[in-house]
Amino acid sequence: MAQHSSSAACVWIPLFPLRCEEARHEGLVALPVALLAPDTTRKLWQVSSLARHAGVKPGMTVSQAIGLCPTLRIIEPDPVHYDERFSQLLSSLNDVSPVVEPGDLGLAYVGTDGLDGIYGSQKRLVEAIRQTVSPSDRPSVRLGLGLGKFTAWVAASRAKPGEAIVVSPGEEQKFLAAQPIAVLPLDAGVHRRLRQLGIRNLGALAALPETAVTAQFGAVGKRLWQLAAGRTAEPVIGRIAPEPIVAAITFFTPVGERELLVHSLDQLIARALKHPRRIGWRVHALRLHADLETGVGDEDGGRGAACCAPTRSWLANILLKEPTADATRIAAPLRTRLEQSPPTGGVERLILEFTAFAPGTTELQLFARDAQAAARAGQQRALRSAAREIRMRVKRAVLYHIIEVQPWSRLPERRYALIDYEP
Amino acid sequence: MVAPARAPLRTDRLRTLNAPRLVAVELHADGSPAKVWRSNCNGDGQEAKAAVEAVVETVLEMWRIDDEWWRQLISRRYFAVLLEGGARVVLFEDLVTHEWFMQTA
């Protein structure tokens with residue numbers, strides 16, 4: 001069961017991927033640096049402050065950026081490394097509080113309910129959180145504490161690098177009222193419309209009647225108003241960390257044939273995916289290890305980067321770029337590993353372990369057995385969302401289901417009727 | 001517990017679909033409809049704003065229903081017709097009240 005905390009601390013390391021690169025490449029801090037986008041656009045994703053001073057901006061092409069800043073250092077992205085670093089950060093934050101909720105890369109919320117009793121004061125709590133951040137990131141981490149995730153996030157976003165802002169209980173409305181509307185989670189269209197209406201800060205938005213904002217902007221407007229007015233405090237919801245799922249197969253005689261190992265691997269993946277604990281979770285990290293036949297080729301043990309055990313075993317640790325519940329995607333890197341650096345002897349026992357998970361998406365892909373089912377689920381969800389939005393705006397039923405009443409009737413008006421559509 | 005996929009049926013929330021609309025009909029000598037006037041009602045269906053005339057081009061089909069004689073007799077003479085302009089509708093005469101109604105086909 002997920003743990004909740006209404007008091008939150010927001011830990012934000014802006015430009016986290018760039019900070020990761022600076023941490024592993026010495027001297028990068030002193031250079032104008034730009035990180036390429038992890039997609040195929042070859043455009044700039046994140047830009048250091050030195051590069052920004054030279055006029056380089058995210059979204060530019062490499063040639064545009066080099067034209068503006070010839071000394072610009074362009075770096076290829078390494079999303080796996082960033083994920084690993086972020087996972088380490090979350091794991092460290094778990095030492096402070098059991099309730100940790102990840103946000104975007106470099107952003108995490110820590111549930112702070114009850115921590116005052118452990119740390120004695122907010123100051124000590126802030127310091128404890130700061131200590132969980134790696135030394136290289138400490139100068140840039142911003143912390144915000146307050147009731148609910150939004151207040152904590154706004155506080156963190158207003159804090160100076162390396163500092164913290166604590167919003168005391170009861171002070172939320174006063175604190176939020178002075179903040180610009182840009183701190184709200186809104187898209188460019190809504191932001192533009194709010195500015196056209198002369199609304200510059202959260203106080204101005206909260207001063208409007210909730211119903212008027214809802215009528216203008218629908219469900220989004222209602223949520224924005226509630227956030228701006230401090231009427232809602234979204235709790236931090238801790239991640240449930242499922243126990244690793246293990247599936248193993250013992251061979252009657254040691255197996256050295258690649259095909260047979262791959263076949264066994266597929267069986268293990270299918271078995272592990274069917275495990276009830278996996279439902280609702282996508283696999284993020286896995287480990288495949290093999291107990292090798294003893295007494296043969298001992299002098300060759302531990303060969304290769306992936307084959308690391310001198311005690312006659314073979315191990316491959318895989319961190320998937322994208323968490324998935326698809327057997328083929330899970331198998332792909334393991335097959336490659338088996339191909340490139342196979343076990344150095346006959347395998348007596350093959351063990352597959354799913355070691356880390358990511359929550360399943362809301363697209364029901366874990367349960368949808370085929371693409372059509374997933375598409376239907378998506379359409380239904382879109383329909384429900386649109387119906388809720390319409391109902392919220394017009395405040396009366398305008399959408400109906402057609403239902404059968406007496407489909408056999410000879411009188412046409414008795415065959416079908418309309419009923420309010422309530423998704 | 002899994003919630004039922006459909007909302008519970010409440011008869012007070014039912015709205016009729018394809019309800020007959022009262023029309024005025026000019027008849028041929030053989031009793032088949034020649035012209036139809038229907039009132040162009042507002043949203044509440046109360047205030048008639050103007051009558052709309054449509055000429056019946058063809059009678060596609062006709063039939064009669066006599067039903068529910070054991071409670072309140074339903075006796076209707078139906079005409080599936082094609083109106084000028086291509087609309088296909090169903091007209092019927094209530095043989096009890098001698099009123100004409102129109103429904104979608």
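Among the contacts in chain B of this predicted model that link residues at least 6 apart in sequence, 30% join residues at least 24 apart. The chain is built from seven strands and zero helices, so that its elements, read from the N terminus, follow the order β-β-β-β-β-β-β. Of its 105 residues, 12% count as buried. Within strand β5 of chain B, which spans residues 74-83, lies B:Ile74; this residue has 15 C-beta neighbours inside 10 Å and therefore counts as partly exposed. When residues up to four places away in sequence are set aside, B:Ile74 touches B:Ile65, B:Asp67 and B:Glu68. The C-alpha atom of B:Ile74 is separated by 8.1 Å from that of B:Leu95, a residue 21 positions away along the chain.

The interface between the two chains brings eleven residues of chain A into contact with twelve residues of chain B. On the side of chain A that touches chain B, β15 (400-404) and β16 (416-420) each supply at least two residues, and the largest share, five residues, comes from β16(A). By class, the residues on this side of chain A comprise seven nonpolar and four charged, with no polar residue. Pairing of strands also extends from one chain to the other, in that two bridges join β16(A) to strand β1 of chain B (residues 15-16), the two strands running antiparallel. In this arrangement A:Leu418 stands opposite B:Arg15 of β1(B).

In chain A, an open sheet of five strands shows the order β6-β7-β2-β8-β9, with mixed pairing. From one strand to the next, the twist averages 15 degrees. Within this sheet, strand β2 (residues 7-12) and strand β8 (residues 142-147) of chain A pair in the antiparallel sense over six bridges, and the bridge partner of A:Trp12 in β8(A) is A:Arg142.

The largest nonpolar core contains 59 residues, of which A:Cys10, A:Val11, A:Val110, A:Leu143 and A:Ala228 touch the most other members. Helix α7 of chain A (residues 148-158) gives the most to this core, with six residues. Apart from its neighbours within four places in sequence, A:Cys10 is in contact with A:Tyr109, A:Leu143, A:Gly144, A:Lys149, A:Ala152, A:Trp153, A:Ala155 and A:Ala156. A second, separate core of 23 residues includes A:Leu261, A:Ala272, A:Leu292 and A:Leu338.

A helix pair of chain A is formed by α12 (residues 258-273) and α13 (residues 327-340), whose axes come within 10 Å and cross at roughly 150 degrees; the crossing of α12(A) past α13(A) is right-handed. The residues making this contact include A:Leu261, A:Leu265 and A:Ile269 of α12(A), together with A:Ile330, A:Leu334 and A:Leu338 of α13(A). Classified by residue type, the contact of the two helices has eleven nonpolar and three charged residues, and no polar ones.

A further open sheet of chain A has three strands in the order β4-β3-β5, again with mixed pairing. Here β4 (44-47) and β5 (73-75) of chain A stand at the edges, and because each has a single partner strand, one side of each is left without a neighbour in the sheet. Neighbouring strands of this sheet are turned against each other by 30 degrees on average, direction ignored. Strand β3 of chain A (residues 33-36) is joined to β5(A) by three bridges, the two strands running parallel, and in β5(A) the bridge partner of A:Ala34 is A:Ile74. Helix α1 of chain A (residues 16-24) packs on this sheet, where it touches β3, β4 and β5 of chain A and its direction makes about 115 degrees with that of β3(A).

Key:
Residues numbered from 1 in each chain as written. Chains lettered and ligands numbered in written order. Predicted model: local features only at pLDDT ≥ 70, side-chain atom pairs only at ≥ 80, totals over all residues. Helix = DSSP H or I, 4+ residues; strand = E, 2+ residues; numbered from the N terminus. Buried ≥ 20, exposed ≤ 12 C-beta atoms within 10 Å, placed from the backbone. Contact = placed C-beta atoms within 7 Å. Nonpolar A, V, L, I, M, F, W, Y, C, P; charged D, E, K, R; others polar. Pairing = 2+ DSSP bridges. Axes fitted to C-alpha atoms, helices over the stretch in contact; angles between N-to-C directions. Left-handed = near helix turned anticlockwise from the far one by under 90°. Core = buried A, V, L, I, M, F, W, Y, C linked by C-beta atoms within 7 Å.
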